[in-house]
Amino acid sequence: MRKNLIAFYVLLSLFLFIFSGCAGKTGAADQSFDLVVLHTNDHHGMIVSDNGTGSLAERAAFIKGVRAGNPYVLLLDAGDINTRGQGLSELADWRVDIDAYNLMEYDAMSFGNHEFDKGLALLAEQMRRAKFPFLAANIKKPDGSYLGKPWIVKEYNGVRVGIFGLTVTNENFYGNLGGQLIFLNTAESAKEAVRYLREQEKCGIVIALVHLGIGDEGRNHGGTAAVANSVPGIDLMVDGHSETFIEEPLVINGVPVITAFHYGEYIGEAHLKVSGGGMDGLTWKLVPVTSGTAPDPDVEKLVASFKAEKDSILNEKLATASGDFEQDFSDSFEKETAAGDMVNDATVWYVQNILKMKADFAFTNGGTLRVGPKKGEITGKIAYDLLPFENNIMIVEMQGADVIRLFGYMASLPSGHKGWAQVSREARYTIDYTKGDGVLKNLTIGGKAVLPDAAYAVATNDFITRGGNGYKMMGTTVDTEVNLRKALTEYMKYMKMLNPVTDGRIKVIK
């Protein structure tokens, strides 16, 4: 009997050993399968179709179709859901965008720099509204806790996938935060994230969801290439911020980097070959989202409800343009523009005539200005397109010597810098680039040379007065509590007809 029992247990142990060995070879972690990673970035409030490119509803329909044909799908966004887009999004404080992302069931989103444009209170509301986490392993609050989450872990067919976020640290983007957050080194934060996900969470695949940028936009502040070159253990980087168009993955130090341009015009579709519990290959393509796609009815209904609520503001006729204002995104970073002239002239007009306050001149950073009006009717929507940011007009008291230093800083900014200034008609000056760096020449205010000991009242926006784009020389400020866009719309109504001309107030010598 004893011998029979021993024989039984030996056979049972052998059976369990063989069974467990077979299970180990055929278990989920060792099966080969595709993990589909769909990704977007730099959405910037583009809700409805623009010039034939996709809308949120059409994007949602594509995503739903991919999910129908694939069991394992990860949906990510690399930041900048906010700002620069359509007035409907801006008026709704991006609630419509967040709600649409909820309907599409995004898994995670990294913080973009434009998520901070309206301050932390609104961002906190967006984060509460979202049914997906905002990620950044390099942003902390003063108490040491992370803003949002540093990373998340998802599991697909037994394989653990870690996703961590990183956000651009360039201080020029965060002039409105006033030190309320701590931005950590991107590479060091990435190393910590990878170590934790690999060692503590036992992730077989690690994805970096980053709003850092590639090319020139990313080089100056620990961009995507800097992280890829210095942080081992990343399988894939999903990028945003520089809004770069690529047709195949960039491979940096052996790490594939993918990005999906901007405005929801494309969705990136990556197929990760998973084998042995890790990533064993990648195929990727950009898929255009066109207005010919049948829209998702749920997202379409959501957008329609917000649109009906805000149409009266967006459709209000403000003025007529006699021609096109040649104002594209980057024009105001390098030359005087008709749109820049109009916005600053409107600021001085509003301060002097409506607020009854002193303003010797106005200036604003070129990055505040976006898409200029075209010939014909100018509506509220067009005003939002030109000034998408929620900036208040500030009056700054300055001595003449500080005004000279201010314009010296303006002139020192390289062509293409987002802090490059546009000014009102009272200011006239020359920037001479013939010896390399820009040099200020021939500065006058109101037709007269600036007197170092005289007092001047300068109108600008609150992004500048908080140090945005490196403007550190501002004096005592008074908040008018009037939005810059409000001044522009009232000026448009007053003028009725607007002419897209420049008058040589800024001369540039190359």
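**Entry 1: helix 4 against helix 9**

I began with a crossing: helix 4 and helix 9 cross in a right-handed way. By the rule I use, a crossing is right-handed if the near helix is turned clockwise from the far one by less than a right angle, and left-handed if anticlockwise. I took helices (H or I, at least four residues) and strands (E, at least two) as DSSP runs, numbered from the N terminus.

For the contact, I listed Arg95, Val96, Asp99, Ala100 and Leu103 from helix 4, and Asp298, Val299, Leu302, Val303, Phe306 and Glu309 from helix 9. Contact here means heavy atoms within 4.5 Å. Sorted by class, this contact holds seven nonpolar, no polar and four charged residues. The classes are nonpolar for Ala, Val, Leu, Ile, Met, Phe, Trp, Tyr, Cys and Pro, charged for Asp, Glu, Lys and Arg, and polar for the others, Gly among them.

Next I noted the geometry: helix 4 covers residues 95-104, helix 9 covers residues 297-314, and they pack at about 170 degrees with axes 10 Å apart. Axes are lines fitted to C-alpha atoms, for helices over the stretch in contact, and angles run from 0 to 180 degrees between N-to-C directions. Helix 4 and helix 9 are therefore roughly antiparallel. The cut-offs are under 35 degrees for roughly parallel, over 145 for roughly antiparallel, 65 to 115 for roughly perpendicular, and oblique for the rest.

**Entry 2: ground rules and overview**

A reminder to myself: this is a predicted model, where local features need pLDDT of at least 70, side-chain atom pairs count only at pLDDT 80 or more, and totals for chains, interfaces and linings use all residues. Residues are numbered from 1 along each chain as its sequence is written, and side-chain values use heavy atoms, with hydrogens and water left out.

I counted 14 helices and 26 strands in the protein. The C-alpha trace spans about 115 × 45 × 40 Å along its principal axes. Of the 510 residues, 54% are buried; buried means under 20% relative accessible area, exposed over 50%, and partly exposed in between (1.4 Å probe, protein chains only). I also noted that, among contacts between residues at least 6 apart in sequence, 77% join residues at least 24 apart.

**Entry 3: helix 10 against helix 14**

How do helix 10 and helix 14 pack? I found an angle of about 90 degrees and axes 8 Å apart for helix 10 (residues 338-353) and helix 14 (residues 484-495), so the two are roughly perpendicular. Met342, Val343, Asp345, Ala346, Thr347, Trp349 and Tyr350 of helix 10 meet Leu484, Lys486, Ala487, Leu488, Glu490, Tyr491, Met492 and Tyr494 of helix 14. By class, I get 11 nonpolar, one polar and three charged residues for this contact.

I then looked at Thr347, which is buried at 4% relative accessible area. Leaving aside neighbours within four places in sequence, Thr347 is in contact with Ala362, Ile393, Ala459 and Leu484.

**Entry 4: aromatic rings**

Rings of Phe, Tyr and Trp (its six-membered ring) pair if their centres lie within 6.5 Å; planes under 30 degrees apart are stacked, over 60 edge-to-face and the rest tilted. By this rule I have 20 aromatic pairs. Phe132 and Phe134 have ring centres 5.7 Å apart and planes at 15 degrees, so I logged the pair as stacked. Phe132 is buried at 4%, and Phe134 is buried at 2%.

Tyr409 and Tyr471 make an edge-to-face pair, 4.9 Å centre to centre with 80 degrees between the planes. Tyr409 sits in helix 12 (residues 400-412) and Tyr471 in the loop between helix 13 (462-465) and strand 24 (476-483), so the pair ties together parts 62 residues apart in sequence. Tyr471 counts as buried, at 1% relative accessibility.

I also found one aromatic cluster formed by Tyr101, Tyr106, Phe111, Phe116, Phe132, Phe134 and Phe183.

Leu177 is in the loop between strand 7 (159-167) and strand 8 (182-183), and is buried at 4%. Not counting residues up to four places away in sequence, Leu177 touches Phe116, Leu120 and Phe183.

Asp42 has a positive phi of about 50 degrees although it is not a glycine. Asp42 lies in the loop between strand 1 (33-40) and helix 2 (56-69) and is buried at 0%.

Phe261, also not a glycine, has a positive phi near 60 degrees. I placed Phe261 in the loop between strand 12 (255-259) and strand 13 (266-275); at 19% relative accessibility, Phe261 counts as buried.
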